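Subject: Structure handover

Hello,

Here is the structure for your files. My notes follow below it.

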Amino acid sequence: MIVGHLAAGYLAARAFAALGATTVFSGVIVGSVIPDVDILWFFLVDGQQTHHHDYLTHRPLVWAVVLLIGVTIRRSVVVGLGLGALLHLALDSIAGKVAWAWPVLDEATPLVIVPATQAHWVLSFLLHWTFAVEIALCIAALLLFASARRT
């Protein structure tokens, strides 16, 4: 997923808010994008040697532990952080590799393989049907945001 994480996080956060869990909102928003902070390490330190989905920030167990800690200490923003990050990883699993069974198994397989149909991988992703899902998430989030601003 390239552009849909924040939009999906916003949609999920609004759903929690509609259920009365308004304090979870900011945690879900931050959690929906925080796993990709590893992109900084990928470009600035690692020299693009290791795919960023192989870093600890893309390990579901890490965020499940964050979620469990949030539940244990009764901090809804921490619960939201864990939920948002797990949402991020679920979305990454559509066309990216996320090791859900780590540390037992380090294997990861995407649900959909985006074939290299273009000269650059980004173009292949942008022209694949899965990118339409991302655009749909963005449009839905924008429409929801706009309707909330009117009321």
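**Notes on the model**

Val-3 sits in the segment before helix H1 (5-18). Helices here are DSSP runs of H or I with at least four residues, strands are runs of E with at least two, and both are numbered from the N terminus. Val-3 is partly exposed, because its relative accessibility is 40%. The classes are buried under 20% relative accessible area, exposed over 50% and partly exposed in between, with a 1.4 Å probe and protein chains only.

Before the rest, the ground rules. This is a predicted model, where local features need pLDDT of at least 70, side-chain atom pairs count only at pLDDT 80 or more, and totals for chains, interfaces and linings use all residues. Residues are numbered from 1 along each chain as its sequence is written, and side-chain values use heavy atoms, with hydrogens and water left out.

**Surface patch**

Val-3 belongs to a nonpolar surface patch with Ile-2, Trp-121, Leu-123, Leu-126, Leu-127, Ile-135, Ile-139 and Leu-143. Together they have about 850 Å² of accessible area. Helix H6 (121-126) and helix H7 (129-150) each supply at least two of the patch residues. Patch members have over 30% relative accessible area and no salt bridge; like charges are joined within 9 Å, and nonpolar side chains (Val, Leu, Ile, Met, Phe, Trp, Tyr) within 5 Å. Areas come from the Shrake-Rupley method with a 1.4 Å probe, and for residues only the protein chains shown count as cover.

Leu-142 is also in helix H7. Leu-142 is exposed, because its relative accessible area is 58%. From Leu-142 to Ala-101 the separation is 41 residues in sequence and 34 Å in space, C-alpha to C-alpha.

**Helix packing**

The axes of H1 and helix H5 (residues 76-95) come within 10 Å and cross at roughly 135°. H1 is therefore oblique to H5. Their crossing is right-handed.

The axes of H4 and H5 come within 7 Å, crossing at roughly 155°. That angle makes H4 roughly antiparallel to H5. This crossing is left-handed.

Axes are lines fitted to C-alpha atoms, for helices over the stretch in contact, and angles run from 0 to 180 degrees between N-to-C directions. Under 35 degrees counts as roughly parallel, over 145 as roughly antiparallel, 65 to 115 as roughly perpendicular and the rest as oblique. Left-handed means the near helix is turned anticlockwise from the far one by less than a right angle; right-handed means clockwise.

**Salt bridge**

The count is one salt bridge (a side-chain nitrogen of Lys or Arg within 4 Å of a carboxyl oxygen of Asp or Glu). Arg-59 pairs with Asp-106, and the closest N and O atoms are 3.2 Å apart. The pair links distant parts of the chain, 47 residues apart. Arg-59 is in the loop between helix H3 (38-44) and helix H4 (60-73), and Asp-106 is in the loop between H5 and H6. Arg-59 is buried at 7% relative accessible area, whereas Asp-106 is exposed at 55%.

**Backbone points to check**

Most residues other than glycine have a negative phi, and most peptide bonds are trans. These entries depart from that.

- The peptide bond from Trp-102 to Pro-103 is cis, with omega near 15°. Pro-103 lies in the loop between H5 and H6.
- Gln-48, not a glycine, has a positive phi of about 60°. Gln-48 is in the loop between H3 and H4 and is partly exposed at 46% relative accessibility.
- Arg-74, not a glycine, has a positive phi of about 60°. Arg-74 is in the loop between H4 and H5 and is exposed at 73% relative accessibility.

Best wishes
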